[in-house]
Amino acid sequence: MAEAIRLAAGDKAPDFELPVVGGGTVVLSQALHEADKGVIVYFYPRAMTPGCTTEACDFRDSENSLRSAGYAVIGISPDPVARLEKFVDKESLNFPLASDENRAVMTSYGAFGEKKNYGKVVQGVIRSTFVLAKDGTISSAHYAVKATGHVARLRKELGIDA
C-alpha cells in the first residue's frame, strides 16, 4: 500500500464540493469567502461511533466560540448523507457535515490511506484536521489526531483559550 500524501502549513488546500445534511452542497471556496478568518475542515471515520461522536460534540460545543473567532467548521466522513442526517439529529450538531463516499476529497488531503488499527496496517480514514486561512492556504495540518481533547488543543492553537 502506498503512503498517503501529507499536506502541510503553507500548502494550498484542495477545493471541494460535497453533499451535506439538509440537501445542497458545501463548497470550500465559498465557505472560505464567507468566513471572517478561515475554515476548519476535519475528517473522521464514521458517524455515530464513540470517538467520532466525542469529536463532533466537542466541535458542536465550541462552534459558537470558533465562529466568534472567525472560523467556520466543516466535518467530512465517508458516510452517506442519510447516516449523517441521523448523526446531526441525534447529537444536535450545528455545523455542516459532508459526505465523501468515494473518499476523493479525503485522499486529496491525505486523510485516507494506510494507518494502524489495533496493530494491523489497514486502509482507512485518518482522523485529521486542517485550519485553512481565508486565502485557502493551510495554516496548520494535524494527522492521526485523538478524538478526545483535540478540539481543546485546536482552540488553544487558535488563541481562543489563552
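The lining of the largest pocket comprises seven nonpolar, one polar and six charged residues (nonpolar: Ala, Val, Leu, Ile, Met, Phe, Trp, Tyr, Cys and Pro; charged: Asp, Glu, Lys and Arg; polar: the others, Gly among them). The model is predicted, with local features requiring pLDDT of at least 70 and side-chain atom pairs counted only at pLDDT 80 or more, whereas totals for chains, interfaces and linings use all residues. Residues are numbered from 1 along each chain as its sequence is written, and side-chain values use heavy atoms, with hydrogens and water left out.

The volume of the largest pocket is about 360 Å³ (a pocket being an open set of points on a 1 Å grid over the protein atoms alone, where a 1.4 Å probe fits, with protein on both sides within 12 Å along at least five of seven lines; lining residues have an atom within 4 Å of a point; a volume is the space filled by probe spheres set on the points, which are joined across faces, edges and corners). Among the 14 lining residues, Lys115, Lys116, Asn117, Val125 and Arg127 are the closest to the centre of this pocket. Two or more lining residues come from each of β6 (112–117) and β7 (120–125) (strands are DSSP runs of E, at least two residues; helices are runs of H or I, at least four; both are numbered from the N terminus). The greatest contribution, four residues, is that of β6.

The second largest pocket has a volume of about 250 Å³. It is lined by 15 residues, of which Ala31, Glu34, Ala35, Arg67 and Ala72 lie closest to its centre. Elements giving two or more residues to this lining are β2 (25–27), α1 (28–34) and β4 (71–77), with the largest share, four residues, from β4. By class, nine nonpolar, three polar and three charged residues form the lining of the second largest pocket.
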